[in-house]
Structure formats: structure tokens, C-alpha cells
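Open your viewer and get ready to select. Each stop tells you what to pick and what is there.

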Amino acid sequence: MAYSEKVVDHYNNPRNVGSLDKKDKNVGTGLVGAPECGDVMKLQMKVNPETRVIEEAKFKTFGCGSAIASSSLATEWVKGKTVEEALAIKNTDIVRELSLPPVKIHCSVLAEDAIKAALSDWKTKQGEAATKPAESTAARS
Amino acid sequence: MAVKLPIYMDNHATTPVDPRVVEAMMPFFTDKFGNAASRNHEFGWQAEEAVENARAQIARLINATPKEIVFTSGATESTNLAIKGVAEMYREKGNHIITQVTEHKATLDTCKRLEKYGYEVNYLPVEKDGRINLDELRRAITPKTILISIMYANNEIGVVQPIAEIGKIAKEKGIFFHCDAVQAVGKVPVDVQKDGIDIMSISGHKIYGPKGVGAIYVRRKNPRVQLAAIIDGGGHERGMRSGTLNVPGIVGLGKACELCQVEMASEAKHLSGLRDKLKDSIMSRLDETYINGSMEHRLPHNINISFAFVEGESLLMGINDVAVSSGSACTSATLEPSYVLKALGVGEDLAHTSIRFGLGRFNTEEEVNYVADRVVETVNRLRELSPLYEMAKEGVDISNMKWVAASDSH
């Protein structure tokens, strides 16, 4: 299978690889996927509770090149966005940006899930009700 | 010395044609282009002579007689002919076939089709080392069993089955033994007499011969095997396989067999040396790597390793100047990891991280060193990226975690 240039670029130069302190109250952690399925993503975001702006994002991914690229791209996109803006990111946006073939769409789904899981964790830590992704999107529209 | 890139180390998938084979084939495309079935002119006679010469070369390699060799388009056809041919010819004797779970799809899917037509098939499990249990084979045999079909050596893990023992059991019970020997012929000594094989599938392109040509060995005595044809037509190959013979391909297959016979012993020694070097060089520098399948009963040129916490396709992407293959789901059309590794009891998580290295006649020590370095470097890089490696290092037991799969994937 031939990879798109953007996937290759993210694979060769992944952005924001690493970990944040998961005990930090302002850090939300999302861990999605399963080893048996061949992909696991860990996405962490540090959010300013005053401004609700995502100041830092880090990822680690076990998975194919497209999974690595999807999560790398996700960290790039969420940085500087508010929690609500980040929650509006759709897997289809990732598919388009990386030109993922149909067989790799699940990689983008996983990245969207990872964003939502991380922010849900952050909200719980902040004492907010961890709203379901669908509700939070609806609230913005 | 600088190595020439990319490096080919996927010789279980296919092999390059040996230049000596190409040379032998060349005249049969142009000057000696005759149809081997043309009985009344020089062109036909030349072609027929070349075909008979190739038949003898193949027969010598496997200790058969030339009349027991039938040419086909490849081993998939040979295997189809063997299984369907016996099933149809001996339908009155019985409808039961025994095979095993790590067979090539040519065998498994042929058996699946026969099940639709009322045949019963036992798919024997394999042990952790990839070999079948002979007691289980004995127990699976019924009065209705007409065929045992077990491969010589596996295409993913290179594990060699206890062929001579299987042949003995088949003979005792009066059941035909078909062996898919595609990965073994020309690589290890295959002897249809000693091994007790009645029908055997052979491929050209796995032994430095051309693609699109193969052969099937069909025993003529003790016992005599008859196969119902699956391709009807002009009655070529004693009625077992109609169709104008692929003379250049057949000449190439014959020459490839001759070269294997001459060079097998030294080549096997050379390749197992390179293979062990590759394995040791990689495994001594990386933790959490596992060999899949028996090391003792294994083809000399194969190694299959799981690199825990590193998904196979991403590893292939990182070593993109090296041609190998992976048991990862992401490299298959089905999104399922290797059924062969699953049959061995390798967990799906580790099956996704496996790489098959298939060394071949033209690999060098420099290439092995290069490949080992690239693998080690890429695995280390990807482990830095792997949340599973991080968790393992923190002492988290990944196998006991509850994982939430993606919302619509898998």
C-alpha cells in the first residue's frame, strides 16, 4: 500500500511525542484502542482551566503508520484550541487531511476518540460532568 | 562495503529467477518455440524433448520417476488438482479429508469448497512449535478418510512438519498423503520415497524458477494414485492436465530443480548461517522479542520474530528499503492478524508485531548486517512512540487491562 506524503511525513517526523504528568489536575489523558486490534493511542492535553485553551498536547501510539500520523496530526490540531473547539474535530477532517484510504479510516476514528477521551478525563478532574461527545458538539451548534 | 538498496528478504513470497535459469529458457521463446504436442515436425520434437528433460530434472530432485511428474500453472493449481482430484476419484471409498490449520490457503480454501459438496474435513490443530501432533492425526482417521493433506514446511514460520511419520501413518491406513512442498523442495532434502508422499505440489517461482509454472508429483505404484482432472481439454499430461504446455516455463522449472539439487547442501548451510546471524544480531540488541515456531524443525532460510509493543506495519514502513513481510492485520486485506500465528497460540497482540524474514540465494552478509541494524534502530524508535512499551516499563500488566476499542473499528 502506498502512503500519502503527509502520512509519511508524520511517521518520519511525528509531532509532540511524549507524555505529560497524568496526575496533574490540568492534564487530561485518553487511552483508546486495544493491543489485540493492532492499535492503541494515548493522547494527553494540558488545558488552562481559566481560558479552557489547550496549551500542550502529547501522544504515544502503537499502530500502523496511519494511526501514528492520525494521532500526531491530532496533537497539532488541538494545540491552541479551546476544549469546545477541539471536541468539534471530526475523524473525517483527519481522513481528508491525510488522504487516508478506506481501510485506514478506523485510525482517524481512534484519533477522534482519543481527543474526546482525554478531554472527558480533564473535565472529570475539573469537577465538570464529563459530557458525552455528542452533547458537547450539540451545545456548540 | 555499501549495500545495494532495496534489499530483498521476502523469499517465501517469491524468488528472483536465477540467471542460469533464464539462460536455459531463452531459446524456447524464439528459435525452439514449438508445441510439445506437435508430433510430426522438428519444432514439436525439440519442445517435447525439452519438456521430458525437465520432467527428469524434477524427478531426480525428489527421488521420483519422470512419469510421475505432471506440469501445472503453479502450486495452487497442483494443490487444487491433488485434493479435488482425489476427492472426486475416490468418492465411493469415502468423503473424509484430514488437513491442518496452518496450511496455505490453496489447501484450506479447496477443502472449504469440498465441504460445500458434502465432504467432511478435519483441520488438525498445531502445537506451540507449529507442528501437528501425530496421535491426534491417528485419532482423526476414520474408515471414510481418503486423503491426508499436510504441508512440508510453512510459508510464514518455516516450520517443517514430521513428514516421514505422517507418510508412514498414511501408508499403514491405506490413505493417500498429499504434501504441499512448495517451501521445502529445493531447500531441504525432499524424498517422496523416504517421506512416503503420494501426491506433492511444487512451485517454480519459490525455487529461483519462473512464475506461472509448477508441477504435481503423482505416485504411480505402491500405491498408484489416480486423479480426476479439474481442467478438461486436449488430454495433455496423461489426461490429468489439459492445455498446451508452457515449454519455456517448464524448462525453467527443470533447470531450477537441477541447480537446487547441486547446490542445496551448501546453500542451506550458507543461509542458515546468515539467518542465525540475523536473528542473533537483532535479538541480542532488543528486549521483548520472540521467535514464532520451532527453531529445531525449521527451514534454514526462515526466521519469524515478534517485536512486542511495535505494530508490524509501522515497522515495515520504517524499514522501507528492506522487503520483508508482517503478520500484522494491517498488512492483510482482512484486518485479521496471521491465522498461522494465532494457531500457534501467539496472542493477537504479539501477532500484530511479527515480521517474517525469508533469506535467499542472493543475500549477502553485508545485507544481513544492514537489515539487522535497520530493524534494531526502527524498533527502538517506534518503542519510544509506543504507549504499550511505556506502560510495560512502568510495570503495568497490559494483558490484564480493560481496553476500549475504537467506536466503529473492528
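This is a predicted model: local features need pLDDT of at least 70, side-chain atom pairs count only at pLDDT 80 or more; totals for chains, interfaces and linings use all residues.

Residues are numbered from 1 along each chain as its sequence is written, while chains are lettered from A and ligands numbered from 1 in the order in which they are written.

**Stop 1: chain A**

Select chain A. It has 6 helices and 3 strands (DSSP runs numbered from the N terminus: helices are H or I with at least four residues, strands are E with at least two). Follow the sequence and you read α-β-β-β-α-α-α-α-α. The C-alpha trace of chain A spans about 45 × 35 × 30 Å along its principal axes. Its radius of gyration is 14 Å, which agrees with the value near 14 Å for a compact globule of 141 residues. That radius is taken over C-alpha atoms, and the globule rule is 2.2 Å times the number of residues to the power 0.38.

Now colour by burial. In chain A, 50% of the 141 residues count as buried. Buried means 20 or more other C-beta atoms within 10 Å of the residue's own, exposed means 12 or fewer, and partly exposed lies in between; C-beta atoms are placed from the backbone.

**Stop 2: where the chains touch**

Show both chains. The contact takes 26 residues from chain A and 27 residues from chain B (two residues are in contact if their C-beta atoms, placed from the backbone, lie within 7 Å). On chain B, pick helix 8 (312–318), helix 10 (348–351) and helix 12 (387–393); each supplies at least two residues of the side that touches chain A.

**Stop 3: the largest nonpolar core**

This core has 158 residues. A nonpolar core is a set of buried Ala, Val, Leu, Ile, Met, Phe, Trp, Tyr and Cys residues joined through C-beta atoms within 7 Å. Among those touching the most other members are Ala114(A), Ile58(B) and Met200(B). Helix 7 (residues 247–283) of chain B gives the most, with 12 residues.

Which residues are in contact with Met200(B), leaving aside its neighbours within four places in sequence? They are Ile62(B), Cys179(B), Ala181(B), Val192(B), Ile216(B) and Tyr217(B).

**Stop 4: helix 6 of chain B**

Select residues 163–173 of chain B. The buried residues of this helix are Ile163(B), Ile166(B), Gly167(B) and Ala170(B). They cover an arc of only 100° around the axis, so they sit on the same side of helix 6 of chain B. The arc is that of the directions from the helix axis to the C-beta atoms. Their cover includes helix 5 (134–140), strand 5 (145–149) and strand 6 (176–180) of chain B. Finish at Gly174(B), which follows helix 6 of chain B and has a positive phi, near 70°.
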